[in-house]
Every structure is written in C-alpha cells, then in structure tokens.
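Hi everyone, thanks for coming. Let's have a look at today's structure together.

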Amino acid sequence: MASITSASEESTLSLEGHAIEVEEQDVEEEQQLLMPSDSTDDSSPGDDASAKFIVQRLKELYKNHVVDAEKQYHLHFNFSLPTDGEIKDSEFDAAPMVLLIGQYSTGKTTFLNHFLGEDFPGMHIGPEPTTDKFMALFHGGDRGNDNASSEKKDVTQSIQHAGFRNKSKKQHDDDSSTIKTAQSSIVTDDIRASGRLVKGNTLTVTPNLPFSSLSQFGSAFLNHFVGSASMSPLLKRLTFIDTPGVLSGEKQRLNRTYDFGQVAKWFADRSDLILLLFDAHKLDISDEFKNVIDTIRHYNDDKIRCVLNKADCVTREQLVRVYGSLMWSMGKIFDSPEVVRVYTGSYWNGNLINDDFERMFTKDEKLLVRELIDLPRCAAERKVNQMVNRIRLVKVHICILGTIRNMTPRFFGKKRSREHILAELDVILDNVRVEFNLSKGDMPDAKEFASNLQKFHDFSVFPPINRSLIDKLDSLVEKDIPLIVSEADVVSSNALSGLSNKPEQQVEMKDVPVITEEEKTKGTTPKKAKGSVFGVLGRMFTFLICLAFSVEGVYYLSYGSPAYSLSELQSGYTELLSSAPQLPEVTEMIKSKLQSSLSSDVPATSKGKIEEMESRTSVDNPSDADDVNDSEL
C-alpha cells in the first residue's frame, strides 16, 4: 500500500514538473513571438539612398519654387501653415523626432530611460514635477567603435530589446529577485549617465541640429531649453523631446515666462510622432492639458498616439474602467468618430506589479517599438506628404489673398473696403473656392483667417493673383513630386545592384547632362546645357545683322531728308521754267498750279522769291506770249 502511494506521489510530481516545463516553454515561445524580428529594424542601402535622394530633391524644389511665394504673400508667421516660417535645411536633414507630452508625474522621463536602455544627462525622476525644461535627446558621439556593422548591430539590439522583460514563471515567484531587480532599475538621477548637456542658445546656432528657428521665442524660453547629447545607439536614428509636465490652474500660465502651448506646437509641427502620456492612477485631464492638445492638433492629428502608463498598478476591474474613461475623454477632445490609438502598459525597467495583463502589455509595447522602428524608414515618405500638403495650402492662401487684393481700392476707401472684406469673409472664401476649384478640406477656418488678417492694416500689401504661379504650384504637385518619387525607385534599385552611377550623384553634378529615357531608347546623346559651337555662331551672326539694320535706321533718321524740301522745289521750279521758254501758256499754267499748292505751306519769304523769279522770266521773253496767242488764233 505504501509502495502504491509513493508511486502515485512520484507520478504526480513528475506530471507537475512536466507541466511547469511546458508552461515555461510556452512563455518563452510567446515572448519570442512578441519580440521584433531582426529584419524589421534595419533599412536596406536602397532605402537609405532613396530617402537621401527624395530629401535632397524636395529641398531644391522648396527653395526654387515655394519659399519665394510664401515670402511674397507674407505667409510666414502670419497665417496658419504646417510649420511657421521657412523650412530650414537642417529641418530637412534632421532625424525623425518623437515628442512626449503629459501632465506631471506621468512617467515621461522614465519612459525614455526605459526605451534608451541607459541613463542620459539631465535625467531626474521623482513623484514631484522634476522636469522643468524642454529637453532634446540626440546622439552626441561614438563609443570609439568605427565598425559600421557593429554600430548597426548596437542600434538593432537597442531598439529590439528596449524594455522587454525576458522572465519566466520561476522569476515571477522569486520575491527577492523581483525586489532586487526593481531597486536596481529605478534611477532617480543621472550619476551613471554618459554624455553632455548643451544650453538652449547653443542649440539654436548649431548647424546640424533643427532648432535654429526656436530663437523666435527669445531668451525666456531658451533658458528653459537644454539638449542631452547621449551615446545611446537608438538616438542615431531618432531624436526624443522630453517636455515639462502640464500644470493645473494659474501655475501653467503665470509661473512660466514663455508660451508653453506655442512652444509645444513648434515641436509638434516638426515631429514625426507625438505621444500623449497618461497615468492610470490619475486620469483626470485638466483644462490646461486640453488646451495644449487643441493647440498642437492642427495639421498633426495623424501623428498623435496615447500611452496609458503605469497600468500594472491597478487591478483588472480598475484598468477596464480607466481605459474606458480615457477613450471617452479623448473622444470629447478630438471630436471625431475615429478612435486614437492607445498603447497600454508599464514603461519602466522594473517588473510588473500586477501581471494579469502581461501579454497585452507586451504586445502593445511591441507595436509601439515597431512604430518607432518604422519612423526612420518612412521619414522620406512623410516629408513628401508634408511638402504636398504645404504646397496645397500655399496655393489656397495665394488665391484668397490675391482676391482680397483685387477687392481693395488703389487710393481711396481702403478702410471701408477692409471692414467690408472682414465682414463678408465667409462669402469671399466660398467664391474663391468655386472660382479656383479648390478643395473644401483645404480652405481655412473663416474666424481664424479673419484674426490673421487683422494683423494687416492695408490689404494692398498683398500682390494680385498670379495665374502663372498658381499653375506652377499645380505642376509641382501633379508632375514634379511624382517624378521625384519615381526617380527615387530607380535610385533604390541602383543602390541594391551596386551601380556606381547613381542618379543622386547626377543631381549634384550640374554640368553633367542628364540622359532621359526617350534619349536612351533612341540612342541619341543629350545636348550640352551651354549649347554647341554652331549655336553660338548663329547667335553672333543674327546679332550682327540686327546691329547693321539698327545702324542704318539710325543714320537714316539722323541724316536723311524729306522727299520734297523747299530747296528741291525751288531748283525743280527753276529748271522747269527754263526748259519751256517758248511755251508761255504752259508756263503760266504750271506757275498757277504750283502757287496754289504751295500757298498753304510755303512761307511768305519763299513766295516772294518765287514771284521775283517769275518776273525775271517774263522780262527775259516778252514776246513769247504774243507769238503763242497769234499762232493759236
């Protein structure tokens, strides 16, 4: 009997051990499935070459055609564009930017520490509002490793394994291990951080950083703006912006010497991803935080994501209620049927307190990591999207402002016309939309546009409608930008095939002629940009012919004389009278006709001379007239 009992106990223990092993194997397999694969983080050489080509061509297109139109119609800092002011070259070439915004103590700095996998200069974590400055986290140097493959491997590991917890069920049950891990992972200062801090004024004058236009906010903001140059491999592909917590009440408005909402909007307009962090313990959204969200939303709805942090600190029932409350609050703020994407989890380096939703937390973290991975790869496509959107808005503003300029009188009545335009702006916008066949979704809000027009006391400062400029902007959207995208595909294929003659090199070499596809098929060589020798000789010959005709015309106008001058008439009259001395009747008839035709034009002195000549002729031949009369009788 005892032997049977011992045998059953042994079989039970063996089954329990096998079940534990199977369960641990399932957990490990599940974690491996949830981890990003090695192929999702790396961008191929073709993608990198294509992205550089697109950015370079978009930069040239903006400089040559768009920025002059924006300055001509006073659009910078006066009207609502996706980014205020001119787009700088450093903003085109900058790494993708991720902006973190939330109320105080929602875990923004801990979130960054969790994904970077290390401490960074200026980091301070605590339950009180610790971050009092805008902090830009960017890569500030190398670790002395010049090997490109190992560098790419560091980036891969940093992105893939940032924050993922490789724990088995045995580690969950080990309380001492949990406490030790939690205590060693919570960092409250930057003692172990490697890197340097850069002041705000220095950041605005650093050429390779996209912060030069922040100088418009003055020293009041730049004194509360720092840069943390860390050597985390993840920062080689991304730039993070950590913000101070949004305060409640008058502290948000009075205790800060700069406009928090406008500064946040500047970063939001130039960011590729905006993360709104919420604490599962205190989900109340203050009015100040709601105002900040409304400010940054314009043109940025597609970038915003919500992160419900510290979700492991509540129970199952509480998490369900908190999640539902967050979705209801976001629906009221965004006022749209589309639901904002929410990532739920606990983004810190310690273990989970309540692991009931561990699988859901890990899956959401994996999706968030994958979205961060795709940011560098999709940066060029987002720049194309932003450029097309900007050109469409510039065209709309040109049509509206040109119409307002045509409605403004040139000299008198400008004040009355201005008041009429502001009062009837809704009707004017509808008429402009119909006349120029504009999309209703591109038209600005009438109230916001009227407030922007209030900055101008005289609407005649705007240029009139330029039809050729509007046609050029349409051509950029319909022809030039699609051509850039198609050429980028060729660049990518050339980079993958290892060709040395890449089209991006041809763009930089301005003197080298570009061979089009039609010329390749015909087998002809393209003409040089400066023209051939025969073309130069032809232009010189044409110039000489035009010069000869010009000289001849000037000489004729300067030294030529009219066909019948007074001296010519006098000499001709004398010859005529002397050639017919035997025909006095004919002579008298000619004299009478000439005198009648010249009586109105010839001066009195000339008439006297003619009469004197007539008298002399009659004296020289007194008998001619009688001879003629006798013969006729």
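Let me start with a definition: a residue counts as buried under 20% relative accessible area, exposed over 50%, and partly exposed in between. Keep in mind that what you see is a predicted model.

So, where does Lys310 fall on that scale? Its relative accessible area is 24%, and therefore Lys310 is partly exposed. You can find Lys310 in the loop between β7 (304-309) and α13 (316-334). Lys310 also has a positive phi of about 60°, although it is not a glycine.

His74 is another residue to look at. Its phi is near 60°, again a positive value in a residue other than glycine. His74 sits in the loop that runs between α2 (45-72) and α3 (89-93), and it counts as partly exposed because its relative accessibility is 31%.

Now to the sheet. It is open, has 8 strands with mixed pairing, and its order is β3-β4-β2-β5-β1-β6-β7-β8. At the edges are β3 (195-199) and β8 (342-344), each pairing on one side only. On average, neighbouring strands here are turned by 25° against each other, ignoring direction.

Let's zoom in on one pair. Strands β2 (residues 134-139) and β5 (residues 239-242) are antiparallel partners over 3 bridges, and Leu137 stands opposite Phe240 in β5. Helix α11 (residues 260-270) lies across several strands, including β2 and β5, and runs at about 150° to β1.

Last stop: the surface. Phe543, Leu544, Leu547 and Val551 make a nonpolar patch of about 410 Å². Of these, Leu547 belongs to helix α22 (residues 533-559), and with 42% relative accessibility, Leu547 counts as partly exposed.

Key
Residues are numbered from 1 along each chain as its sequence is written. This is a predicted model: local features need pLDDT of at least 70, side-chain atom pairs count only at pLDDT 80 or more; totals for chains, interfaces and linings use all residues. Side-chain values use heavy atoms; hydrogens and water are left out. Patches are made of residues with over 30% relative accessible area and no salt bridge: like charges are joined within 9 Å, nonpolar side chains (Val, Leu, Ile, Met, Phe, Trp, Tyr) within 5 Å. Accessible areas come from the Shrake-Rupley method with a 1.4 Å probe; for residues, only the protein chains shown count as cover. A salt bridge is a side-chain nitrogen of Lys or Arg within 4 Å of a carboxyl oxygen of Asp or Glu. Helices (H or I, at least four residues) and strands (E, at least two) are DSSP runs, numbered from the N terminus. Buried means under 20% relative accessible area, exposed over 50%, partly exposed in between (1.4 Å probe, protein chains only). Two strands pair if DSSP finds at least two bridges between them. Axes are lines fitted to C-alpha atoms, for helices over the stretch in contact, and angles run from 0 to 180 degrees between N-to-C directions. Contact means heavy atoms within 4.5 Å.
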